[in-house]
Amino acid sequence: MQLLVFILASVMVVAGAFGVILRSNPVHAALSLVLTLFGVAVHFVALEAHFLAAVQIIVYAGAIVVLFLFVIMLLGVDKAEDLSVEPFPIQRPLAAVVGVGVSGLVIAAIVRARDTIVAGEPLGADGDQNISALARNLFSDHVFAFEFTSILLIVAVAGTVLLTRKDKKGSES
Amino acid sequence: MTAVLLAAVAPTTTYYLVLGAVLFGIGATGLLVRRNPLIMFMCIELMLNAVNLTFVALAVRFGDIDGQTAVFFVMVVAAAEVVVGLGIIISILRRRPGATADDLAELKG
């Protein structure tokens, strides 16, 4: 049963990922990205990381992809682009080699190091335990990092507002 | 026979790590191939998700919740990164409609 869930979610993840890089229409690519993100969320549930699964759906599928779609619609680039144009003819084969090479090297390292991954004590199987353990860790060991992320978010939001503001004087810059 | 096999075998950590590696490779390939800045951004999200999957799989395997905390921070930083990146893309594309990554080789506006 677990293997079946793993296979189905993996098919979702990989199919969505190929959809992102192969679809010519940006809207279709963004929707494929949703498929991938849902697949990863299923994996998180299967790994009993319930809080992260919820955050994955809410933040990624709910906020980030919606932001992508919003920008696509705002800029009016929701047209299929011509993928047959290839300014550098060798780029695609090289990119495929790099992608397969990176994956292959990492997989080789994983297979080699498989026996050194020793099992630790299992985390709580209960959903509540996962959330409380995560909260205890976040607000004790990593509380400074947590506070700094709030600064990061405020700076990001303020910077973006400044960046995308239209110049009222109509000057070039 | 197949049903018995599916019921008996549970996916190990290695399966998740391999899936993460494959997803990372697909994202890297897309980042190198596509020239639409929005799609390139989505490929970065794919790569971040691959790393998140690896983090969670190893956190569960080692029984260490620190890995899941790291994923939480990755998500926060990814959200901030998307906001800033899309702001930059909007301000570029507003000035030059239909620009690809190749057209943006110089900083001159």
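## Where the chains meet

In this predicted model, 66 residues of chain B are in contact with 71 residues of chain A. Two residues are in contact if their C-beta atoms, placed from the backbone, lie within 7 Å.

Four elements of chain B each give two or more residues to the side that touches chain A: helix H1 (2-8), helix H2 (13-33), helix H3 (37-62) and helix H4 (66-95). H4(B) supplies the largest share, 21 residues. Helices (H or I, at least four residues) and strands (E, at least two) are DSSP runs, numbered from the N terminus.

What kinds of residue make up this side of chain B? It divides into 45 nonpolar, 15 polar and 6 charged residues. Here Ala, Val, Leu, Ile, Met, Phe, Trp, Tyr, Cys and Pro count as nonpolar; Asp, Glu, Lys and Arg count as charged; the others, Gly among them, count as polar.

## The fold of chain A

Chain A has 6 helices and 0 strands. From the N terminus, its elements run α-α-α-α-α-α.

Take the contacts in chain A with a separation of 6 or more. Residues 24 or more positions apart account for 51% of them.

## Size and burial

The C-alpha trace of chain A spans about 60 × 40 × 25 Å along its principal axes. Its radius of gyration, taken over C-alpha atoms, is 21 Å. A compact globule of 173 residues would have a value near 16 Å. That rule is 2.2 Å times the number of residues to the power 0.38.

Of the 173 residues in chain A, 23% are buried. Buried means that 20 or more other C-beta atoms, placed from the backbone, lie within 10 Å of a residue's own.

## Notes on the model

Residues are numbered from 1 along each chain as its sequence is written, while chains are lettered from A and ligands numbered from 1 in the order in which they are written. In this predicted model, local features need pLDDT of at least 70 and side-chain atom pairs count only at pLDDT 80 or more, but totals for chains, interfaces and linings use all residues.

Definitions and conventions: Buried ≥ 20, exposed ≤ 12 C-beta atoms within 10 Å, placed from the backbone.
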